[in-house]
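Good morning. I will take a few minutes to go through one structure with you. Please have a look at it first.

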Protein chains: 2
Amino acid sequence: MRILIKNCNLISMSEKRKKYEEAIDVLIDNGKIKKIDKNLNQQNCDKVIDATNKVVMPGLINTHTHIPMSIFRDTLDGYGLQEWLNDKIWPMEDKLNEGDIYYASLLSCIEMIKSGTTCFNDQYFMTDSIIKATLETGLRIHCTRTLMDINGDGEEKFKELEELINKYAKYNDNVKINVGIHSLYTCTKQCVEKAVELAKKYNLYIHMHFAENSKELEDIKELHNTNAPIDLLQEYFKDMDLVLAHCVKIKPEEMNKLKNLNLSVEHCPVSNLKLGCGIANIKDFIENGINVSIGTDGQGSGNNLDMFSSMAYTALLQKGINEDARLLPAYDVIKMATVNGAKALKMDDKIGSIEVGKQADLIVIDLETEMTEPINDIFSNIIYNVKANNVVTTIVNGRIVMEDREIKGINEKDIYKKCTSIIKRLA
Amino acid sequence: MRILIKNCNLISMSEKRKKYEEAIDVLIDNGKIKKIDKNLNQQNCDKVIDATNKVVMPGLINTHTHIPMSIFRDTLDGYGLQEWLNDKIWPMEDKLNEGDIYYASLLSCIEMIKSGTTCFNDQYFMTDSIIKATLETGLRIHCTRTLMDINGDGEEKFKELEELINKYAKYNDNVKINVGIHSLYTCTKQCVEKAVELAKKYNLYIHMHFAENSKELEDIKELHNTNAPIDLLQEYFKDMDLVLAHCVKIKPEEMNKLKNLNLSVEHCPVSNLKLGCGIANIKDFIENGINVSIGTDGQGSGNNLDMFSSMAYTALLQKGINEDARLLPAYDVIKMATVNGAKALKMDDKIGSIEVGKQADLIVIDLETEMTEPINDIFSNIIYNVKANNVVTTIVNGRIVMEDREIKGINEKDIYKKCTSIIKRLA
């Protein structure tokens with residue numbers, strides 16, 4: 001399929017191009033960006049999208065999700081984290097079946113498509129059903145079968161993950177499996193070592209929660225018999241590609257222990273606030289040259305999968321806690337949600353920016369709205385004022401998955417009803 | 001005009017009613033709530049609004065704005081506060097004329113109506129043009145002519161304010177003038193005392209910025225020759241109704257100095273973050289029985305006038321900085337943006353909740369959307385997932401100012417163009 005996007009204002013996020021280009025065309029052919037130039041010929045195109053006055057930018061990359069948790073949206077209020085997990089979430093998760101996971105994932109995919117996300121990195125279980133839903137909607141997925149062993153059933157999880165890896169090994173770039181370790185407070189040393197072995201065997205990166213809150217660090221100390229959980233990163237994951245969600249409780253003086261790791265940090269500001277974990281000072285990571293991407297976490301803690309909201313929280317929180325309005329310019333935050341996300345997922349040669357030869361993951365945004373006018377700074381506008389509903393069209397891998405806010409082939413209200421019936425059954 | 005809202009799910013915020021009521025009707029007559037009950041008769045109604053499956057709640061009250069600053073949206077990125085004011089904002093403000101103020105205010109009114117705000121409390125100048133725009137759109141306004149005298153031209157400002165007070169003294173409840181003191185770092189003792197006199201003369205409350213950042217407190221110390229700016233509140237404003245925006249830099253141990261004041265705090269979390277001021281620990285105010293409402297501040301610092309966004313920041317920040325997920329339940333935050341706002345503006349007998357006899361300021365919200373389904377907790381849904389575009393209908397004083405997201409009689413795109421041309425001229 002050959003798609004021509006006519007006359008857009010382009011934020012390509014490519015280092016080779018200007019930061020902002022007006023009235024330019026983008027030609028997509030067979031899933032990839034073929035040409036970017038003024039006045040491209042629309043002959044032989046299957047589809048022409050008029051993007052006059054609209055902004056085209058890379059699709060957002062949400063690097064930390066648990067998408068079947070859409071059905072647990074808004075169940076946290078008034079609970080502490082442990083209480084919420086023990087009394088509400090885990091008993092319900094025990095009752096989930098493959099059909100539940102499929103529909104809950106479908107709802108999340110709709111949410112992501114309608115808020116401009118084109119790729120995400122998920123950690124959950126019954127992963128095949130998550131992938132099924134994702135592929136039906138056209139989104140790009142990185143995922144795993146989450147590993148942990150403190151409850152004793154580690155073996156089965158490893159088996160499921162290795163099956164997934166083999167099943168999708170030769171699949172196209174729309175599905176990538178990684179090795180998901182839940183955390184160092186739910187995985188023994190033996191489990192972690194086995195996970196690292198698996199990652200080495202298939203040359204995969206490791207995706208793990210780390211330093212989300214103070215309690216977690218205490219539990220790690222006990223389980224791994226250490227006084228310094230931060231040292232375990234070097235001990236267990238030397239030379240591995242490591243993607244760590246949260247990193248709220250890493251102290252400035254510990255930064256030097258992270259520098260020698262192949263590390264990306266997935267910043268999840270909304271979830272970290274909601275769970276009362278605190279605020280990660282990502283300024284420190286950035287100053288230490290560590291790649292920082294953005295995640296929403298699951299809807300149970302993160303409320304929604306809205307990356308525009310998470311970008312705004314990212315930008316605002318750092319200015320606030322460091323009492324410096326000049327920190328984290330808007331352009332840098334867009335980079336975190338696109339280029340840096342792609343880097344975290346080891347796909348920066350393929351996605352994250354709009355460049356000739358890269359895969360066509362992009363979104364079209366309408367800025368002619370009451371909350372985005374007048375436009376004084378295009379990047380600030382995107383970070384602080386654009387809402388999910390400003391996204392009009394979403395394209396993944398050269399496929400139009402939403403056009404003029406309509407997702408073809410899916411009856412959204414049916415999915416809402418299905419999800420409502422699931423949560424009613426579980427509760 | 002007689003309007004019947006049929007079959008809504010009601011969050012009335014009235015202490016006399018249940019927190020949430022399903023499938024109920026609300027009858028509005030001549031600007032006021034006439035009846036709330038099941039199956040009301042629709043005979044003799046001029047208009048019936050079917051609100052099946054939709055939520056009706058009080059219109060949001062934005063207690064701190066500078067609405068002509070819509071045109072300065074997104075001008076802050078990369079600047080420090082003082083630099084931004086000195087180099088960008090003040091030179092542009094000097095060139096503003098009444099027409100600019102009118103159109104810039106109109107844009108803000110559109111923004112507020114479309115995001116569910118029905119009443120706001122503004123501080124700026126050329127206030128007559130702000131009121132003109134507001135009344136044309138149907139919103140309810142509290143406002144002032146901001147007073148300050150360190151630049152020497154205090155007299156003229158007092159004259160303008162007293163004229164405003166007299167002009168609108170006998171006006172209906174849609175326009176209320178208060179005494180706006182810019183701040184204690186821009187007003188001498190003499191200016192403050194004169195403002196207090198004026199407030200006493202007309203029995204008005206005082207609206208002032210206070211303790212927004214550390215630099216301000218240093219400047220107050222110098223100008224007012226004191227070591228404790230907090231003590232000036234008691235000294236200057238004893239027995240006055242006082243509404244203070246920001247209050248970021250008030251320490252826990254200073255709380256006891258606030259208790260004897262007739263004080264409301266206007267929490268502006270987004271602006272406070274964006275300007276690098278910090279995060280007000282409003283938990284402390286609430287625990288000390290101080291009324292806390294929510295404001296967006298102007299778009300220059302606050303990005304937009306989206307009260308749904310500011311409610312979410314309010315709820316999330318307190319949990320995050322206090323590391324306690326149980327703090328500030330969603331219902332309490334809705335209260336801050338409705339009932340507490342009305343209290344701050346001394347109008348809690350007339351607005352802030354949906355009760356028989358109160359003025360009909362209310363909004364209709366659609367929750368059947370990808371980011372709000374499934375609905376596990378209605379109050380959390382409203383705080384964390386509802387976006388401006390979920391508001392379908394806005395009613396102020398019994399007048400439908402927006403229906404199905406359409407504001408009748410205003411060409412929104414013309415206003416955007418007008419505002420763009422203003423900022424181009426000023427820059």
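Before I point at any strands, one term: two strands count as a pair if DSSP finds at least two bridges between them. Also keep in mind that this is a predicted model.

Start in chain A, with strand E15, residues 362–366. Strand E15 of chain A is joined to E16(A) by four bridges, and the two run antiparallel. To find the pairing on your screen, look for Ile363(A), which sits opposite Thr394(A) in E16(A).

Now follow E16(A) to its other partner here. Three bridges link E16(A) to strand E17, residues 399–402 of chain A, again antiparallel. In this pairing, Val396(A) faces Arg399(A) in E17(A). E16(A) and E17(A) make a hairpin, with two residues between them. In the turn, Asn397(A) has a positive phi of about 55°.

Is strand E16 of chain A largely enclosed or left open? Five of its six residues, 391–396, are buried, so the rest of the structure largely encloses this strand.

Next, the place where the chains touch. How many residues of chain B are in contact with chain A? There are 56, and they meet 56 residues of chain A. On the chain B side, the elements that give two or more residues are helices H2 (98–114), H8 (269–274), H11 (307–321), H14 (378–385) and H15 (412–426). H15(B) provides the largest share, six residues. Sorted by class, this side of chain B has 23 nonpolar, 15 polar and 18 charged residues.

That is the end of my part.

Notes. Residues numbered from 1 in each chain as written. Chains lettered and ligands numbered in written order. Predicted model: local features only at pLDDT ≥ 70, side-chain atom pairs only at ≥ 80, totals over all residues. Contact = placed C-beta atoms within 7 Å. Nonpolar A, V, L, I, M, F, W, Y, C, P; charged D, E, K, R; others polar. Buried ≥ 20, exposed ≤ 12 C-beta atoms within 10 Å, placed from the backbone.
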